[in-house]
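This report goes through the model by region, starting with how its terms are defined.

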Amino acid sequence: MKKILITGFEPFGGATINPALEAVNQLAHVKLDGGEIVTCEVPVTRYKALDTIIAAIEQYQPDYVMTIGQAAGRIGITPERIAINVDDFRIPDNGGNQPIDEPIVADGPDAYFTTLPIKAIIRTLRENGIPCQVSNTAGTFVCNHVFYGIQHYLRDKGVKHGFIHIPLLPEQDTLGTQPTMALDVIVKGLRLAAQAVLDNEKDILITAGHIC
């Protein structure tokens with residue numbers, strides 16, 4: 001039976017809730033067709049985040065890793081295509097770090113592409129009525145830091161990994177000015193995404209391009 005490690009960040013930026021952690025907590029030990037989900041809470045702190053996920057990888061020895069984070073303003077679940085080798089934090093992380101234009105890995109490659117079947121994920125979620133788009137930027141905060149750093153760590157280990165951003169929860173937008181998604185829909189979407197990863201060793205060929 002295959003194992004998928006799904007990680008979710010703690011709240012940050014003064015917030016008291018993070019939909020990534022709320023969803024991941026509901027996915028712990030969920031059984032899939034041919035696999036099982038294991039989970040890990042991740043601090044929103046520059047280096048500690050990577051150390052925490054790497055420790056979980058070494059503990060669980062997963063076949064796949066899905067790292068999850070919130071993205072205010074996103075209208076759907078968005079698997080990320082690419083991670084770039086730069087930290088440029090708009091706000092301090094939970095450890096007070098605020099690097100500007102610093103590499104995540106000195107002398108590392110400029111970028112890493114996801115190794116998850118993100119086109120298969122978006123097709124699966126859309127077929128189940130859940131808004132989902134491929135994203136071509138994971139930002140330059142701790143989400144991208146984790147996406148790039150874990151890709152770098154796993155580059156020769158045969159474990160596939162990718163990052164997925166999710167929208168805010170309704171209770172995070174009391175002004176009613178941003179897109180939100182109910183927690184049960186997010187949880188369903190991530191479970192379907194995990195199943196799509198198990199079901200698609202290679203990605204499918206459908207368009208997910210954007211015109212600027």
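## Terms and basis

Two residues are in contact when they have heavy atoms within 4.5 Å of each other. The model is predicted, so local features need pLDDT of at least 70 and side-chain atom pairs count only at pLDDT 80 or more, while totals for chains, interfaces and linings use all residues. Residues are numbered from 1 along each chain as its sequence is written, and side-chain values use heavy atoms, with hydrogens and water left out.

## Nonpolar cores

A nonpolar core is a set of buried Ala, Val, Leu, Ile, Met, Phe, Trp, Tyr and Cys residues joined through side-chain atoms within 4.5 Å. Buried means under 20% relative accessible area, exposed means over 50%, and partly exposed lies in between, with a 1.4 Å probe and protein chains only. Helices (H or I, at least four residues) and strands (E, at least two) are DSSP runs numbered from the N terminus.

The largest nonpolar core has 35 residues, and Ile 4, Ile 6, Met 66 and Ile 68 have the most contacts inside it. Two or more residues each come from strand E1 (2-9), helix H1 (19-27), strand E4 (64-70), helix H3 (118-127), strand E8 (160-166) and helix H5 (183-199). H5 gives the largest share, 9 residues. A second, separate core has 30 residues, including Ile 54, Ala 83, Ile 150 and Phe 163. Leaving out residues up to four places away in sequence, Ile 4 touches Leu 32, Glu 36, Ile 37, Val 38, Tyr 64, Met 66, Ala 194, Val 197 and Leu 198.

## Annotated active site

In an unreviewed UniProt entry, the feature "active site" is placed at Glu 80, Cys 143 and His 165. UniProt positions are given in the numbering used here, feature names are shortened, and annotations may be inferred rather than shown by experiment. The three positions are spread over 86 residues of sequence but cluster in space, with a largest C-alpha distance of 10.3 Å. Of this set, Cys 143 and His 165 belong to the lining of the largest pocket. On a 1 Å grid over the protein atoms alone, a pocket is an open set of points where a 1.4 Å probe fits, with protein on both sides within 12 Å along at least five of seven lines, and lining residues have an atom within 4 Å of a point.

Glu 80 sits in the loop between strand E5 (78-79) and strand E6 (82-84), and its relative accessible area is 0%, so Glu 80 is buried. Beyond four places in sequence, the contacts of Glu 80 include Thr 114, Ile 118, Phe 147, Phe 163 and His 165. The side chains of Glu 80 and Arg 74 are joined by a polar contact of 3.0 Å. A polar contact is a pair of N or O atoms within 3.5 Å; within protein, one must be able to donate a hydrogen and the other to accept it, and residues adjacent in sequence count only if both atoms are side-chain atoms. Cys 143 lies in helix H4 (residues 142-154) and counts as buried because its relative accessibility is 11%.

## Aromatic pairs

The structure holds 5 aromatic pairs. Rings of Phe, Tyr and Trp (its six-membered ring) pair if their centres lie within 6.5 Å; planes under 30 degrees apart count as stacked, over 60 as edge-to-face and the rest as tilted. The ring centres of Phe 9 and Phe 163 are 6.4 Å apart and the planes are at 40°, so this pair is tilted. Phe 9 lies in strand E1 and Phe 163 in strand E8, so the pair ties together parts 154 residues apart in sequence.

Phe 9 is buried at 5% relative accessible area, and Phe 163 is buried at 1%. Phe 9, Phe 147 and Phe 163 form one aromatic cluster.

Leu 50 lies in helix H2 (residues 46-60) and is buried at 13% relative accessibility. Its C-alpha atom is separated by 8.2 Å from that of His 145, which is 95 residues apart from Leu 50 along the chain.

In H3, 7 of the 10 residues are buried, so H3 is largely enclosed by the rest of the structure. The buried residues of H3 pack against E5 and H5.

## Positive phi

Most residues other than glycine have a negative phi. Gln 61, in the loop between H2 and E4, has a positive phi of about 50° and is exposed at 57% relative accessibility. Asp 107 has a positive phi of about 65° and is exposed at 84%.
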